[in-house]
Amino acid sequence: MTTLRIAGGRVLRPDATVERADVLVDSESGTITAVGDPDEVPEGDETLSAEDGLVMPGLVNAHTHAAMTLLRGYADDKELDAWLQEDIWPVEAELTPEDVRAGTDLGLLEMIRSGTTAFADMYFHEEQVVDAVEDAGLRARLGYGIVTVGKDEDGAREDCEQSLATARKFDGAAAGRVKTAFMPHSLTTVGEEYLREYVSKARDDGIPLHYHANETEDEVDPIVEAEGERPLEYARELDMTGASDSVAHGVHLDGTEIDLLAETGTAVVHCPASNMKLASGMAPVQDMLDAGVTVGLGTDGAASNNDLDLFDEMRDAAMVGKLAANDASAVPAESVVRMATEGSADALGFDSGRVAEGANADLAVVDLDAPHLTPHHDLVSHLVYAARGSDVRHTLCDGAVLMRDREVLTMDAEDVRERAEERAAAAVERAE
Ligand SMILES: N[C@@H](CCSC[C@H]1O[C@@H](n2cnc3c(=O)[nH]cnc32)[C@H](O)[C@@H]1O)C(=O)O
Ligand SMILES: [Zn+2]
């Protein structure tokens with residue numbers, strides 16, 4: 001057994017208290033085997049210094065499209081529908097497997113550097129994402145995104161089959177760090193007949209669902225008109241709500257839908273930056289938390305954010321949560337940290353997001369000695385309101401060190417940047 005002791009720092013515990021403690025990690029099982037007083041934690045085979053640092057759960061990005069880093073800054077300042085149809089989808093149609101690998105690598109590099117250890121990915125050429133995750137050492141729940149609008153029946157079925165096949169094939173890949181889901185893009189971009197047929201197939205195999213829901217009013221209104229019910233009521237009828245499922249966004253929700261989410265255990269992944277940038281609206285996050293909904297946090301793709309830094313996202317979540325509730329005490333720092341760690345991990349079905357014995361050893365160590373993190377009245381406050389991704393010193397996933405002293409060990413950062421730069425430029429040129 002190889003053990004690693006993370007020593008000399010402070011530790012953020014699941015009850016949001018901070019204490020001086022060391023953490024012992026078993027690299028073979030990839031779990032945390034002890035957390036506690038430095039005198040009581042056994043010696044490790046190796047030591048990683050957390051002096052002047054805070055050991056926290058690795059952040060979990062519960063909704064993204066990692067390869068969309070290639071489209072970062074390509075098209076901004078537009079609302080969702082026009083942005084997707086006029087700018088994003090034409091370039092995505094040109095993306096080859098190698099392009100997706102390059103964009104995903106760039107996304108993973110950015111995640112590791114900013115203390116993110118797990119993510120949910122909805123995209124295509126997912127075999128590339130599996131390989132990228134395997135090599136970089138992160139954890140992911142991934143799936144192939146289905147769009148049937150604008151496709152004939154054969155094309156639509158092909159998409160659905162592809163999503164099922166991807167979910168079946170890759171579950172458990174990368175030594176168990178990859179899990180999968182069936183991923184219809186949304187309730188309006190996938191036809192009802194296909195949802196009915198293929199969701200039931202996914203259910204037969206126990207495959208969870210992840211999809212965009214209630215993101216914009218333009219997406220809610222047509223369902224209300226056609227079905228005479230709210231989108232999530234429609235989703236429940238289609239058997240698309242359940243304890244293993246998660247929906248991205250959940251911006252435009254009424255009280256009935258919030259109750260439905262809580263009752264069924266369906267998680268919502270809040271994506272505040274994307275919601276603000278595309279002017280989609282303000283999610284009722286405090287209302288969801290009050291109702292007992294599992295709420296996670298996601299960046300969405302880098303083209304609508306425009307980065308994958310969950311520290312930024314935490315600040316955005318707190319800020320917009322207060323505006324939405326018209327209450328400065330709404331969505332406080334502690335709730336936000338919980339959202340980005342345990343909440344997201346629960347949404348994705350990972351035993352991560354908490355520094356506790358037995359949990360996955362997915363961790364980040366944040367430097368506390370920066371001017372913008374001084375003084376130390378309240379470190380939970382700092383994580384949400386003052387820290388940034390570049391404050392992360394070490395990142396670990398599944399008991400392995402992915403970044404040590406700001407050097408990413410599992411990827412060649414220069415090569416990743418060069419490939420992404422070249423492939424992004426070429427794809428845009430082909431599309432235009
Ligand atoms: N199989 C589909 C791809 C779907 S992947 C998921 C899709 O979600 C898109 N996407 C990114 N951000 C958002 C968002 O905020 N709302 C809805 N879709 C988004 C993204 O561009 C990507 O096309 C096809 O071949 O068209
Ligand atoms: Zn999305």
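This is a predicted model: local features need pLDDT of at least 70, side-chain atom pairs count only at pLDDT 80 or more; totals for chains, interfaces and linings use all residues.
Local features need pLDDT of at least 70, side-chain atom pairs count only at pLDDT 80 or more, and totals for chains, interfaces and linings use all residues. Residues are numbered from 1 along each chain, ligands are numbered from 1 in the order written, and side-chain values use heavy atoms, without hydrogens or water.

Start at the metal. The zinc ion (ligand 2) is held by His-63 (NE2), His-65 (NE2), His-212 (NE2) and Asp-300 (OD), at 2.1 to 2.2 Å. Donors here are N, O and S atoms within 2.8 Å of the metal (3.2 Å for Na, K and Ca); water is not among the atoms, so sites may look incomplete. Along the chain, the donors are spaced H-x1-H-x146-H-x87-D. Angles among the four donor atoms run from 87 to 164°, and the site is irregular.

The UniProt record, an unreviewed entry, places a "binding site" feature at His-63, His-65, His-212 and Asp-300. These residues spread over 238 residues of sequence, yet cluster in space, with a largest C-alpha distance of 11.9 Å. Such annotations may be inferred rather than shown by experiment.

His-65 sits in the loop between strand 8 and helix 1. Helices (H or I, at least four residues) and strands (E, at least two) are DSSP runs, numbered from the N terminus. His-65 counts as buried because its relative accessibility is 7%; the cut-offs are under 20% for buried and over 50% for exposed, with partly exposed in between (1.4 Å probe, protein chains only). Beyond residues up to four places away in sequence, His-65 touches Asp-121, Met-122, Tyr-123, His-212, Asp-300 and Gly-301. Contact means heavy atoms within 4.5 Å.

Asp-300 lies in the loop between strand 16 and helix 11. Asp-300 is buried too, at 5% relative accessible area. Its contacts outside four places in sequence include His-63, His-249, Cys-271 and Leu-308.

Just after helix 2, Gly-115 takes a positive phi of about 80°.

Definitions and conventions. Four donors count as tetrahedral if all angles lie between 85 and 135 degrees; four count as square planar and six as octahedral if opposite donors are over 155 degrees apart and all others between 65 and 115; anything else is irregular.
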